[in-house]
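Have a look first, then read on.

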Amino acid sequence: MNLFPIALHIRGSPGWSRGVYRIAVHPRNPFFLSAVPIYTLGMHLLDGFFHSPSVEPLFSDAAAVQSVLDFEAALARAQARGGIISATAAEAISSSCRVELFDLPSLAQAMPSAGNLAIPLLKQLNAIVGRSSTDALRYVHYGATSQDALDTGLVLQLRAAIHVIETDLDAMVATLIDLTEAHRNTLLVARTWLQHALPTTFGYITAGWLDAFLQHRNRLEDQLQNSMVLQFGGAAGTLAALGDRGPQIAKLLAKELTLPLPRIPWHAQRERIAATATTLGLLSGTMAKIARDLSLYMQTEVGELSEPPSMGRGGSSTMPHKQNPVASAAIIASASRVPALVSTVLSAMSGEYQRSLGAWQSEWEVLPQIVRLTAGGSHQLAVLLPRLTVNAEKMRANLDLTHGLIYAEAVSLALSEKLNRASAHKLVESTCRRAQLEKRHLRAVLSEDADVTAILSPESIASLFEPANYLGSAGKFIDAVLAAARSQFSQVHSVKG
């Protein structure tokens with residue numbers, strides 16, 4: 001979290017020099033060994049490539065501070081409703097919980113020594129509240145601890161970000177429904193080990209993507225219901241400072257923030273945070289797989305798909321003819337960073353006792369990075385899919401590149417109705433080798449083989465080389481996915497409506 005906006009640097013502030021901000025020289029900051037400690041500027045030039053314009057504001061410095069302040073304001077209101085503090089005191093605290101009243105650079109300077117952001121933030125909040133009400137000052141952060149404010153503040157940010165990602169997912173689901181319906185019969189080569197395998201359809205491929213996103217949509221909803229919950233436990237999780245009123249205030253606080261109330265405070269149990277990280281990691285992985293496949297389909301030699309052409313998009317600094325798959329590259333680049341970040345969150349689950357030393361703190365920057373990178377990928381893919389160019393003619397032409405070898409399995413199975421499978425496989429394998437050696441179409445070689453023609457008629461052989469005849473249950477699988485997508489999509493929109 002960079003608590004120094006760029007504007008502060010470019011205005012020539014006293015602590016600025018050579019693109020860095022001097023955190024503290026007098027007195028010396030114990031968290032830096034250098035006599036001239038520095039705080040580097042955020043690198044924002046690449047934001048449009050890696051991140052989402054809708055999610056980025058949710059993880060700005062101001063948004064992070066405001067989310068903690070939202071917890072503090074809601075806590076005061078909940079305690080007023082519970083009769084612990086007066087409505088006047090709650091109003092004084094709540095009205096002070098506005099980020100524009102706070103000195104963010106001072107927070108950044110104080111945070112390393114304090115050990116977490118909440119401590120210097122509460123110091124500033126106390127000063128602001130104290131100027132308007134000395135009575136209310138006694139009840140700032142009453143009964144809570146820093147981790148309550150930071151964890152719940154993060155949950156509020158995550159909830160907002162997940163809603164944005166869900167919007168992207170809904171757009172992708174809608175597009176994939178259309179693509180699957182439009183191309184359910186568009187013939188395409190299925191490839192295994194990067195080699196031609198069997199015929200399939202582009203609609204079958206997009207149905208697989210669609211089904212994956214339906215599962216991700218359910219996972220995100222599960223996170224909203226079961227992981228995006230209130231954290232409120234006080235110093236050690238027991239809410240001891242509130243006596244026997246703790247559960248009541250927790251319930252009121254959860255209502256104030258519109259968050260589910262867990263059975264027990266979870267500050268020492270990081271499964272919920274880890275579940276969110278891994279859920280986003282899974283989504284990033286799916287998007288990377290799709291982007292990887294798209295980029296392969298877009299290769300010059302393949303040419304079955306392409307990103308939408310536009311002036312200046314995907315160009316080269318030296319080669320005027322280039323149209324590089326830049327959206328696919330952005331998705332893959334973002335997603336490739338997520339697994340290592342997820343592993344950090346998983347490692348943090350082993351934190352000690354009731355508040356860990358180092359493990360919890362390792363989540364602070366990592367989880368927002370996971371969210372931002374995942375949202376960057378979902379934004380890129382949601383924009384790309386509706387504009388994807390499908391070259392059905394090239395897809396069909398590529399089926400013929402092997403001169404009929406792609407139908408060898410179909411021929412082998414047809415022959416096995418009269419021969420045992422091993423003999424049928426050996427016979428077709430030998431004809432395939434002869435076709436390759438003689439550079440002829442497999443159908444022609446088979447039509448001249450007496451062992452084959454003794455079993456298969458010319459009409460039967462011809463039908464085996466029609467790709468639409470060897471699609472198996474692709475149509476049924478597509479129908480099942482489309483039915484599930486329409487059902488889930490209609491339910492989502494009826495709830496939103």
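1. Start with the handedness: α8 passes α11 in a left-handed crossing (the near helix is turned anticlockwise from the far one by less than a right angle; clockwise would be right-handed). Helices here are DSSP runs of H or I, at least four residues, numbered from the N terminus.

2. A word on provenance: this is a predicted model, where local features need pLDDT of at least 70, side-chain atom pairs count only at pLDDT 80 or more, and totals for chains, interfaces and linings use all residues. Residues are numbered from 1 along each chain as its sequence is written, and side-chain values use heavy atoms, with hydrogens and water left out.

3. Back to that pair: α8 (residues 146–182) and α11 (residues 271–297) pack at about 25°, axes 13 Å apart (axes are lines fitted to C-alpha atoms over the stretch in contact; angles run from 0 to 180 degrees between N-to-C directions). That makes α8 roughly parallel to α11 (under 35 degrees; over 145 is roughly antiparallel, 65 to 115 roughly perpendicular, the rest oblique).

4. Who touches whom (heavy atoms within 4.5 Å)? Leu154, Leu158, Ile165, Leu169 and Met172 of α8 meet Ile273, Thr276, Leu280, Leu283 and Met287 of α11.

5. Now α3 (residues 61–81) with α10 (residues 246–257): about 130°, axes 8 Å apart. That makes α3 oblique to α10, and their crossing is right-handed.

Technical notes
Helix = DSSP H or I, 4+ residues; strand = E, 2+ residues; numbered from the N terminus. Contact = heavy atoms within 4.5 Å.
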